[in-house]
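Colleague: I would like to learn how to read the features of this structure. Where do we begin?

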Amino acid sequence: MTRWVNGAPVAAATWLDRMSAAIPATDAGLRAALISAIIHGVVIDRYLLKLSSLADAPADDIIALLRPCFESLAGETR
């Protein structure tokens, strides 16, 4: 049976907490949630829906395109 905390599975909540703790920004929780949403969206589109060019794109291309976004969200605020 899955345990839930604040409407989310414990594993997901723990992952978001750890990610938030690693982001040096006052809005780290929001940034972690955005990173999670992007990752989940890509995974769902690429592997479950297979409706877009994500399904056939090389993983290295996807990573190269998303890297600046993730770096911006996970980096220090200016």
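**Reading burial, contacts and patches**

Modeller: Start with D27, which is partly exposed, with a relative accessible area of 30%. Buried means under 20% relative accessible area, exposed over 50%, and partly exposed in between (1.4 Å probe, protein chains only). This is a predicted model: local features need pLDDT of at least 70, side-chain atom pairs count only at pLDDT 80 or more, and totals for chains, interfaces and linings use all residues. Residues are numbered from 1 along each chain as its sequence is written, and side-chain values use heavy atoms, with hydrogens and water left out.

Colleague: Where is the place of D27?

Modeller: Helices are DSSP runs (H or I, at least four residues), numbered from the N terminus. D27 sits in the loop between α1 (10-22) and α2. Its C-alpha atom is 9.9 Å from that of L73, 46 residues apart along the chain.

Colleague: Is S36 buried or exposed?

Modeller: S36 is buried, with a relative accessible area of 9%. This residue lies in helix α2. Contact means heavy atoms within 4.5 Å. Leaving aside neighbours within four places in sequence, S36 contacts W15, L16 and M19.

Colleague: Which residues make the nonpolar surface patch?

Modeller: Nonpolar side chains (Val, Leu, Ile, Met, Phe, Trp, Tyr) are joined within 5 Å. Areas come from the Shrake-Rupley method with a 1.4 Å probe. Here W15, I39, V43, I44, Y47, L48, L49 and L51 make a patch of about 820 Å². Helix α2 (residues 28-49) gives the most, with six residues. L49 lies in that helix and is partly exposed, at 48% relative accessible area.

Technical notes
Patches are made of residues with over 30% relative accessible area and no salt bridge: like charges are joined within 9 Å, nonpolar side chains (Val, Leu, Ile, Met, Phe, Trp, Tyr) within 5 Å. A salt bridge is a side-chain nitrogen of Lys or Arg within 4 Å of a carboxyl oxygen of Asp or Glu. Helices (H or I, at least four residues) and strands (E, at least two) are DSSP runs, numbered from the N terminus.
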